[in-house]
Amino acid sequence: IHNEEIVITGDGSPVRSYLYMGDATNWLIRLMLSDKNKSIHNVGSSRSISIENLARLTKDVLASKSKVTIKALQTSDIGNFARNFYIPDISLIKRDFKITESISLEKSIIKTSQFYTSTKN
């Protein structure tokens, strides 16, 4: 947002998914109000992206002049459970609730940036 350096302390290879908070809130409310709320449904995005690629995508989407630095520190996961690939299977929630992701990752980066820049003023 402020063209500051984006620092990744690990190697940037872990893969995750990111769901816009508005979508997540909608999904969770629908789950809570449903008679299917006793079933297990994963909430999240089916789109996977590495931490490094997320940093680069954020930089590109925001047309930032930030530099992406990958420190690849070997100690970044000491004491933490290492899970390099974490993408939820959302087929059940899509089937049961006909839910889809309404906000793309790129749009969610923009909306989040707009929120944080508007609260600073």
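Q: Which residues does Ser64 touch, leaving out those up to four places away in sequence?
A: Ser64 touches Asn3 and Lys59 on that count, where contact means heavy atoms within 4.5 Å. Please note that this is a predicted model, in which local features need pLDDT of at least 70, side-chain atom pairs count only at pLDDT 80 or more, and totals for chains, interfaces and linings use all residues. Residues are numbered from 1 along each chain as its sequence is written, and side-chain values use heavy atoms, with hydrogens and water left out.

Q: Where is Ser64 found?
A: Ser64 lies in the loop between α2 (51-61) and β4 (68-70). Helices (H or I, at least four residues) and strands (E, at least two) are DSSP runs, numbered from the N terminus.

Q: Is Ser64 buried or exposed?
A: Ser64 counts as buried because its relative accessible area is 12%. Buried means under 20%, exposed over 50%, and partly exposed in between, with a 1.4 Å probe and protein chains only.

Q: Changing topic, how many salt bridges does a search of the whole structure find?
A: The search finds three; a salt bridge is a side-chain nitrogen of Lys or Arg within 4 Å of a carboxyl oxygen of Asp or Glu. One of them joins the side chains of Arg47 and Glu106, at 2.9 Å from N to O. This pair links distant parts of the chain, 59 residues apart: Arg47 is in the loop between α1 (21-32) and β3 (49-50), and Glu106 is in helix α4.

Q: What about Arg56, which residue does it form a salt bridge with?
A: Arg56 pairs with Glu52, and the closest N and O atoms are 3.1 Å apart. These residues are four apart in helix α2, so about one helical turn separates them. Arg56 is partly exposed at 35%, and Glu52 is partly exposed at 24%.

Q: And Asp96, what does its side chain meet in a salt bridge?
A: The side chain of Asp96 meets that of Arg95, at 2.8 Å from N to O. Asp96 counts as buried, at 18% relative accessibility, whereas Arg95 is exposed, at 53%.

Q: How many aromatic pairs does a search of the whole structure find?
A: The search finds one. Phe115 and Tyr116 form this pair, which is edge-to-face, with 5.2 Å centre to centre and 85° between the planes. Rings of Phe, Tyr and Trp (its six-membered ring) pair if their centres lie within 6.5 Å; planes under 30 degrees apart count as stacked, over 60 as edge-to-face and the rest as tilted.

Q: Where is Tyr116 found?
A: Tyr116 is in helix α4 (residues 105-120).
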